[in-house]
Amino acid sequence: MARTGQLEVLNALDKAKTQWYHFTAIIISGMGFFTDAYDLFCITTVTKLLGRLYYYDPTTGKPGSLPPNVSAAVNGVALCGTLAGQLFFGWLGDKLGRKKVYGMTLITMVGGALASGLSFGHTAKSVMTTLCFFRFWLGFGIGGDYPLSATIMSEYANKRTRGAFIAAVFAMQGFGILSGGAVAIIVSTAFDRAFHRPTFEENPGLSTAPQADFVWRIILMFGAIPALVTYYWRLKMPETARYTALVVKNTKLAAADMAKVLQVDIEEQAPETAKPAGNDQFGLFSREFARRHGLHLLGTTSTWFLLDIAFYSNNLFQKDIYTAVGWLPAAKKMNAIHEVYKVARAQSLIALCATVPGYWFTVAFIDRIGRFAIQLMGFFFMTVFMFALAIPYYHWRGEKCDSGYCGGQHTVFVIMYSLTFFFANFGPNTTTFIVPAEVFPARLRSTCHGISAAAGKAGAIVGAFGFLYAAQSTHKNETDTGYPTGIGIKKSLPLLAIICVMGFSARF
């Protein structure tokens, strides 16, 4: 009887027509990812400003920049918090239910975003320390959103369009990245007009307006707004029927919850407490789990880990790209606030032309082509374009001259660079998010998705920091301030291409 009741609820969900509530669920869950992307990526628009504000040394004759250890902490502490949050909230989502934990993650994100903008201290070190502290907890809340949003959308969706619905939730990241750039552009433009200053080259001391301290704070705090807007609607969402039926084993409540929001005819069943037949109660560390899902977990963790090494490392040679095509002049030719505008505009152009389309191509084709095919295709083309960029790198970029690069094929350079992002998102960056929400049993789904996502963030940390040092120039006078020499971008790109080959080969 228990199995019959459960199956009726689940079959009704699988066969339900696409309805307005499905789109409501996409928006509510997707706004979490919108906020996640905004909070994680908006920091890159203001890191140069932080260096100018807090680490300017007049004796160097150069604009201030964050020391390597401070830059690593400011940019990476949120990734560390995200990794911890993915593991903790993923586990908690299976223990307490998706709905209860969903609200916790949102409140953590709101608090972390607001507190980041209120970072305090009398010295540069104290301001950066408090900023890193608050961004860790911001990342902690963001981490919880990964397994919960994916699991909730997976468990609400019908079988026919499940992949597209989960992909649509993840695709909201693209709009979050765009919004981060847009907010930075608007705020920096307004402040630059109100408190205009000469370029650093014209007057180093006056190039950074004191009011610039408000710019980065406003940009970081804005991330709390979309999270607050969706908080009420998240609380109104009922628990997913699959969790209620398969984990809580209350098919009557599952049917009632779904009848409220979906136009499906489900016969209510009396609550059942009988355990399912067979050995379906295995734990995460059991032999039965290893036999049934061990390779699944190895596949989702390894591909996500490898993908994020390449994906996050791909940002490291943005400076060469932006400078080559004239999007980002030399720092000395801008004042502090205008530099925020230039960085945000360049990042927004890449997001608009490559990142966002890649996400939505996946939404359109995932239920037609399939997860596996899209993932292989993405890894394959990422490999192709990284090798194509690396082998004749200086041919595309040109030779260094004055404050930019002369010669080269700059249009082809930026197109191939954009295509690596396009095929990352129309490829493994989206499929690694979708698959863990589908292949694991309901009792362990959120936990396993959290473990898979945490493996990805571990790869992001390796990529963002390991390759940050590796990609430094082989010539000391061309490295970023404070960094040791590395192997250079030309040699780093083939390593990233090889990592993509490894991702292509991970067919567990």
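Predicted model: local features only at pLDDT ≥ 70, side-chain atom pairs only at ≥ 80, totals over all residues.
**Lys249.** Residues are numbered from 1 along each chain as its sequence is written, and side-chain values use heavy atoms, with hydrogens and water left out. I found Lys249 in the loop between helix H10 (241-248) and helix H11 (251-261); helices (H or I, at least four residues) and strands (E, at least two) are DSSP runs, numbered from the N terminus. The phi of Lys249 is near 65°, a positive value in a residue other than glycine.

**The whole protein.** I then turned to the overall picture and wrote down 21 helices and two strands. For 508 residues a compact globule would have a radius of gyration near 23 Å, and the protein has 24 Å, which agrees; the radius is taken over C-alpha atoms, and the globule rule is 2.2 Å times the number of residues to the power 0.38. The C-alpha trace spans about 80 × 45 × 35 Å along its principal axes. Of the 508 residues, 58% are buried. Among contacts with a separation of 6 or more, 79% are between residues 24 or more positions apart, where contact means heavy atoms within 4.5 Å.

**Met31.** I placed Met31 in helix H2 (residues 20-41) and noted that it counts as buried, at 16% relative accessibility. Leaving aside neighbours within four places in sequence, Met31 is in contact with Ile26, Met172, Pro226 and Thr230. I also looked up Val229, which is 198 residues from Met31 in sequence and 9.0 Å from it in space, C-alpha to C-alpha.

**Leu352.** The next residue I looked up, Leu352, belongs to helix H14 (residues 336-369). Its contacts, not counting residues up to four places away in sequence, are Leu178 and Pro357. Between Leu352 and Gly174 I noted 178 residues in sequence and 8.1 Å in space, C-alpha to C-alpha.

**Gln375.** Helix H15 (residues 371-390) holds Gln375, which is buried with a relative accessible area of 11%. When residues up to four places away in sequence are not counted, Gln375 touches Thr303, Gly427, Pro428, Thr431 and Thr432.

**Cysteines.** How many disulfides does a search of the whole structure find? I recorded zero disulfides, taking a disulfide as a pair of cysteine sulfur atoms within 2.5 Å.

**Charges.** My last entry concerns the 44 positive and 29 negative charges of the protein, whose mean positions are 2 Å apart. Lys and Arg count as positive and Asp and Glu as negative, while His and the chain ends are not counted; the place of a charge is NZ of Lys, CZ of Arg, CG of Asp or CD of Glu.

Key:
Buried < 20%, exposed > 50% of the residue type's maximum accessible area, 1.4 Å probe, protein only.
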